[in-house]
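Subject: Handover of a protein model

Dear colleague,

Please find the structure below, together with its sequence. I would be grateful if you could read the notes that follow with it open.

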Amino acid sequence: RPGSVLVRLWGRFQQRERQPEYLRLHSEIQSWAKALRLGQGGGSAGSVCPGAPAPPLETNERCLAEICGEWHRARVLSRVGDDYTVFTLDEGRALPVRARSLDRGKKDFFQLPPEVVCCILANLVP
């Protein structure tokens, strides 16, 4: 409704029973990226995979993003040329990333649900 204020909240679910799964997934992603860098194959086209260039990632597409030397599951928020803004699915951060630091990754990397969830609230009354 016009004049309504929307409040966007991001919440991280602490699922203690699933924490080992998320830690194992993070380790698998790092090993996968390292193997690609060493030319051992097994991945999609992208920054760490040699070969023909992949088509650019689209808004809302899931991907892996290299941030400070570690790879994280992410979703593309926006793109301008080779500059992207991604949202890390398990940490809840929106970060700028260059195209060379992105990869589509393997489908298996996205089987676990995100640890961070968004909700939008409207018509809040104090």
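The model is predicted, so local features need pLDDT of at least 70 and side-chain atom pairs count only at pLDDT 80 or more, while totals for chains, interfaces and linings use all residues. Residues are numbered from 1 along each chain as its sequence is written, and side-chain values use heavy atoms, with hydrogens and water left out.

Overall fold

The protein contains one helix and seven strands; both kinds of element are DSSP runs numbered from the N terminus (helices: H or I, at least four residues; strands: E, at least two). Their order along the sequence is β-α-β-β-β-β-β-β. Of the 126 residues, 30% are buried, where buried means under 20% relative accessible area, exposed means over 50%, and partly exposed lies in between (1.4 Å probe, protein chains only). The protein exposes about 8200 Å², and carbon and sulfur atoms supply 54% of that area. Accessible areas come from the Shrake-Rupley method with a 1.4 Å probe; for residues, only the protein chains shown count as cover. Among contacts (heavy atoms within 4.5 Å) between residues at least 6 apart in sequence, 58% join residues at least 24 apart.

The second largest pocket

A pocket is defined on a 1 Å grid over the protein atoms alone, as an open set of points where a 1.4 Å probe fits, with protein on both sides within 12 Å along at least five of seven lines; lining residues have an atom within 4 Å of a point. The second largest pocket has a volume of about 230 Å³, the volume being the space filled by probe spheres set on the points, which are joined across faces, edges and corners. Its lining has 14 residues, and Tyr22, His26, Asp90, Glu91 and Glu115 lie nearest its centre. The elements that give two or more residues to this lining are helix H1 (19-37) and strand S3 (70-80). H1 supplies the largest share, six residues. By class, the lining holds five nonpolar, four polar and five charged residues. Here Ala, Val, Leu, Ile, Met, Phe, Trp, Tyr, Cys and Pro count as nonpolar, Asp, Glu, Lys and Arg as charged, and the others, Gly among them, as polar.

Individual residues

Gln19 lies in helix H1 and is partly exposed, at 25% relative accessible area. Gln19 and Glu115 are 96 residues apart in sequence, yet their C-alpha atoms are 9.7 Å apart.

Arg93 sits in the loop between strand S4 (83-88) and strand S5 (94-98) and is partly exposed, at 37% relative accessibility. Leaving aside residues up to four places away in sequence, Arg93 touches Ile67, Val86, Phe87 and Thr88.

A search of the whole structure finds zero disulfides, a disulfide being a pair of cysteine sulfur atoms within 2.5 Å. Cys63 is buried, with a relative accessible area of 0%, whereas Cys68 is exposed at 83%.

Cys68 is found in the loop between S2 and S3 and has a positive phi of about 55° although it is not a glycine. Asn60, in the loop between H1 and strand S2 (62-67), is likewise not a glycine and has a positive phi of about 75°.

With kind regards
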